[in-house]
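Visitor: I am new to this structure. Please show it to me, and let me ask how you know what you say.

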Amino acid sequence: MIRETALVTGGAGFIGSELTAQLAAAGHRVVVLDSLVTGRRENLDGLPADRVWLVVGDVRDRDAVTSVLRDVSIVFHLACVNLRRAFVAPREANDVNATATLDLLIAARAAGVARFVHVSSSEVYGTACAAAMSEDHPTRPTTTYGASKLAGEAYARAFFATHSFPTVVVRPFNSFGPRAHHEGTSGEVVPRFLLRALAGRELVVFGDGQQTRDFTYVTDTARGILLAGHIQAAAGRTVNIGTGRETSVRMLAEHVAAAADRPDVAVVHADARPGDVSRQCADTTLAGRLLGFTPEVTLEQGLRRLVEWYRVRGVAAGQLLEDEVLRSWETSGGTEAGSVAVRS
Ligand SMILES: NC(=O)c1ccc[n+]([C@@H]2O[C@H](COP(=O)([O-])OP(=O)(O)OC[C@H]3O[C@@H](n4cnc5c(N)ncnc54)[C@H](O)[C@@H]3O)[C@@H](O)[C@H]2O)c1
């Protein structure tokens, strides 16, 4: 593999920091552009300082983008406004997820970047019509987040079709693992369930729990993104990154309880989140064929690794849960404690 300089937007975030670590481990230099709105400096702790640089800046700032693109040969674009924040800030989501993607494509092409990986999301599909969704599955996002991510990926594909600019679109499915968010509007189901189980608190399922997801461990997600950046044949393609295993949220609760060694933990239900996708699972045939990608970590293994990661950090689950907001899509992003009507 040729050693190169990569730009990772959103590289101080959950997936971005794992991708940055993998790039640095492979000997690449990495410039991280991150506003730290949801990312954290500490996510990059321990990475080689002579190979990883954090530039605190906004992807909407064209001057900042032009300056960080100097000497960059590959861009991994992950900076985004997340799903729950997009509920209350759809314009901001569009500005970051769609418009800033267009601006970044323009700037990257002008700077002579050789490869652009746009990290999209399985949310662009909406609810599955068939069990496993291939990349040809209709894209019918049910959230403004999904719509804005779809706009971003459409720009990336158009730059390939119109300008032969070598873009790749990857669509990760739900990722979990170390540094995943449990807090505020960023809170994801796996760390929230796990911390609640570890703290002996009830797991709150929004809706009937029959909604399914393809839970992918973050080291696998990041490896898939990295491969998409380095396999020549991926230029111009759109590819899923997932495991192909469909798990309901109710089943996830059981796996989490087992991993946390709290089989007695209660599971309660609350009203569904609006626009929640009811079924999602990746068809990973193309990822296997095009990228040679196969997931290495199962859901059960990943959950046990995450339990261990929390244990080594030494912060009590109950303390971390002070940042949790239960109905996190109904706040403007503050950390006020959420109240929620639950039923068993
Ligand atoms: N986590 C998942 O399950 C999942 C699934 C599918 C796709 N994705 C995609 O993966 C990417 C990373 O998501 P994540 O889960 O790591 O979320 P994250 O919030 O941890 O990462 C996003 C990063 O972008 C930064 N950021 C946000 N707005 C910015 C701006 N205007 N300028 C500069 N930086 C900004 C944040 O500070 C953060 O570090 C996103 O593009 C997301 O759509 C995530």
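Visitor: What separates the centres of domain 1 and domain 2?

Guide: This is a predicted model. In the model, 25 Å lie between the two domain centres, taken over C-alpha atoms. Domain 1 covers 5-175 + 217-241. Domain 2 covers 181-213 + 245-280 + 298-343. These bounds come from an automatic or database domain assignment.

Visitor: How do you know which residues of domain 1 and domain 2 are in contact?

Guide: The test is C-beta atoms within 7 Å, placed from the backbone. By that test, 19 residues of domain 1 are in contact with 15 residues of domain 2. Helix α3, residues 83-88, gives the most to domain 1's side, with four residues. That side holds nine nonpolar, eight polar and two charged residues.

Visitor: Why is the radius of gyration of the protein chain said to agree with a compact globule?

Guide: The rule is 2.2 Å times the number of residues to the power 0.38. For 344 residues, a compact globule would be near 20 Å; the protein chain has 19 Å, so the two agree. Along the principal axes, the C-alpha atoms fill a box of roughly 55 × 45 × 35 Å.

Visitor: What makes a residue buried, and what percentage of the protein chain is buried?

Guide: A buried residue has 20 or more other C-beta atoms within 10 Å of its own. Of the 344 residues, 51% are buried.

Visitor: How many helices and strands are there?

Guide: The protein chain has eleven helices and 14 strands. Among contacts with a separation of 6 or more, 78% join residues 24 or more positions apart.

Notes. Residues are numbered from 1 along each chain as its sequence is written. This is a predicted model: local features need pLDDT of at least 70, side-chain atom pairs count only at pLDDT 80 or more; totals for chains, interfaces and linings use all residues. Two residues are in contact if their C-beta atoms, placed from the backbone, lie within 7 Å. Helices (H or I, at least four residues) and strands (E, at least two) are DSSP runs, numbered from the N terminus. Ala, Val, Leu, Ile, Met, Phe, Trp, Tyr, Cys and Pro count as nonpolar, Asp, Glu, Lys and Arg as charged, and the others, Gly among them, as polar. A residue is buried if 20 or more other C-beta atoms lie within 10 Å of its own, exposed if 12 or fewer, and partly exposed in between; C-beta atoms are placed from the backbone.
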